[in-house]
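Okay, thanks for making time, everyone. Let me put the structure up and we'll walk through a few spots together.

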Amino acid sequence: MSASGNVLAVIPPHVGGRTAGAGMAALLPADAHVTVVESADEDPAALRTAQVLITALAPVTAEHLRAAPALELVQCASHGFDYVDTVTARGNGVSVCTIGSSGAEAQNVAEQTFALMLALAKQLIPAHQALTEGDWALPRLQRSLTELSGKTLGVVGLGRIGQQVARRAAAFDMTVLYTQRHRASAETEARYGDARHVPLEELLSAADYVTLHCPLTEGTRHLLDGRRLALLRPTAFVVNTARGALIDQEALADALEKGALAGAGLDVFDPEPPTPALRLLRAPNVVLSPHVGGVTRETLIRIALAAVQNVLGFLAGEAPRDVVN
């Protein structure tokens, strides 16, 4: 493909919309024809002629793919790809790519993971709320305050983000267990305090904190369901900064309301934004944030650059990186 290909950038308003899209478009070659929209339905003509579609968490459905006969590449401006119909894309000969190997989001997602863990361990939300209401809550909160040091962290998915989390856990003198399909190298395990590869069920039974860093696929949807959540100890915490649907949200709410879990820190939901009916919004001892794990100023710049670099290579005839289908 020549550098003058047709590129459709789909940037929803909640991640910057046309303004962010214009900044991304400015990074592409001057002779590329770039159209910036806020949803894939917005400009049917541009979708029909697009050879490359860049999406920043905007859905790319089977209908969109069928309406884009010239399409060759869908570039996700994220580590995740669950919002793209990868099966239809594969059937249509369209490559779907992420920015996974760039590690663009790893730093901030790891920081957000530890922010949630620390908030849970130190009871920051109830402590703040009590003080603003004139309640010196120390006697009441003291029993539930804990340290991270000496605790066991179970990392589900030791990829780039999971490794950044494990690195911080080692600095906090935590024991690291991890689970994934393939065991990491001995050098990687040693780097993170002799992290140990174990089956998921063993990890859940042993961990004081469980943090999710795996992609959302049909195989990982509701990875933590009611049965697996029941393997956790009542003193354990669950943290999710990956994808909301990795956890059965109703089962998690049940466990929290019954006191079967000590708490949960969630940056992601299913769907997003969550509806007011979501029980987790009112569950005891939860710390919630609105999917901010990948949206610092620094992170957004790295994400845009990583996505554009992959597209630039593709336009120049190179094989795309991080193909997930």
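So, to start: is Ser-289 buried or exposed? Keep in mind that what you're looking at is a predicted model. Ser-289 has a relative accessible area of 10%, and the cut-off for buried is under 20%, so this serine is buried. Where does Ser-289 sit? In the loop between β12 and α13, with α13 covering 297-315. If you ignore its neighbours within four places in sequence, Ser-289 is in contact with Gln-112 and Leu-116, and also with Leu-266, Asp-267, Val-268 and Phe-269. That loop between β12 and α13 also holds His-291. Have a look at the backbone there: phi of His-291 is near 50°, which is a positive value in a residue other than glycine.

You'll find His-222 in the loop between β9, residues 209-212, and α11. With a relative accessible area of 33%, His-222 counts as partly exposed.

Next, the helix pair. For anyone who needs the reminder, two packed helices are described by the angle between their axes and the distance between the axes. Here we have α5, residues 106-121, packing with α8, residues 160-171, at an angle of about 50° with the axes 8 Å apart. That makes the two helices, α5 and α8, oblique to each other, and their crossing is right-handed. Who makes the contact? On the α5 side it's Ala-106, Gln-107, Val-109, Ala-110, Glu-111, Thr-113 and Phe-114, and on the α8 side it's Arg-160, Ile-161, Gln-164, Val-165, Arg-167, Arg-168 and Ala-169. Sorted by class, that contact has 7 nonpolar, 3 polar and 4 charged residues.

Moving along to α12, residues 249-258. Which residues of this helix are buried? Gln-249, Ala-251, Leu-252, Ala-253, Ala-255 and Leu-256. Those buried residues pack against α11 (226-229), β11 (263-266) and β12 (286-288). Zoom in on the start of α12 and you'll see a side-chain oxygen of Asp-248 reaching to within 3.1 Å of the backbone nitrogen of Glu-250. After α12 comes Gly-259, with a positive phi near 80°.

Now for the prolines in the loop between β11 and β12. Pro-271 lies in that loop, and the peptide bond joining Asp-270 and Pro-271 is cis, omega about 0°. Pro-273 is in the loop between β11 and β12 as well, and the bond from Glu-272 to Pro-273 is also cis, with omega near -10°. Pro-273 is exposed, at a relative accessible area of 69%. Then there's Pro-284, again in the loop between β11 and β12. Pro-284 comes out at 40% relative accessibility, so we call it partly exposed. Leaving out its neighbours within four places in sequence, Pro-284 is in contact with Leu-256 and Glu-257. Leu-256, you'll remember, is one of the buried residues of α12.

Last stop, Ser-205, which lies in helix α10, residues 200-206. Its relative accessibility is 36%, so Ser-205 counts as partly exposed. Again setting aside neighbours within four places in sequence, Ser-205 is in contact with Leu-231 and Arg-233. Okay, that's my tour. Over to you.

Key
Residues are numbered from 1 along each chain as its sequence is written. This is a predicted model: local features need pLDDT of at least 70, side-chain atom pairs count only at pLDDT 80 or more; totals for chains, interfaces and linings use all residues. Side-chain values use heavy atoms; hydrogens and water are left out. Axes are lines fitted to C-alpha atoms, for helices over the stretch in contact, and angles run from 0 to 180 degrees between N-to-C directions. Helices (H or I, at least four residues) and strands (E, at least two) are DSSP runs, numbered from the N terminus. Angles under 35 degrees count as roughly parallel, over 145 as roughly antiparallel, 65 to 115 as roughly perpendicular and the rest as oblique. A crossing is left-handed if the near helix is turned anticlockwise from the far one by less than a right angle, and right-handed if clockwise. Contact means heavy atoms within 4.5 Å. Ala, Val, Leu, Ile, Met, Phe, Trp, Tyr, Cys and Pro count as nonpolar, Asp, Glu, Lys and Arg as charged, and the others, Gly among them, as polar. Buried means under 20% relative accessible area, exposed over 50%, partly exposed in between (1.4 Å probe, protein chains only). A polar contact is a pair of N or O atoms within 3.5 Å; within protein, one must be able to donate a hydrogen and the other to accept it, and residues adjacent in sequence count only if both atoms are side-chain atoms.
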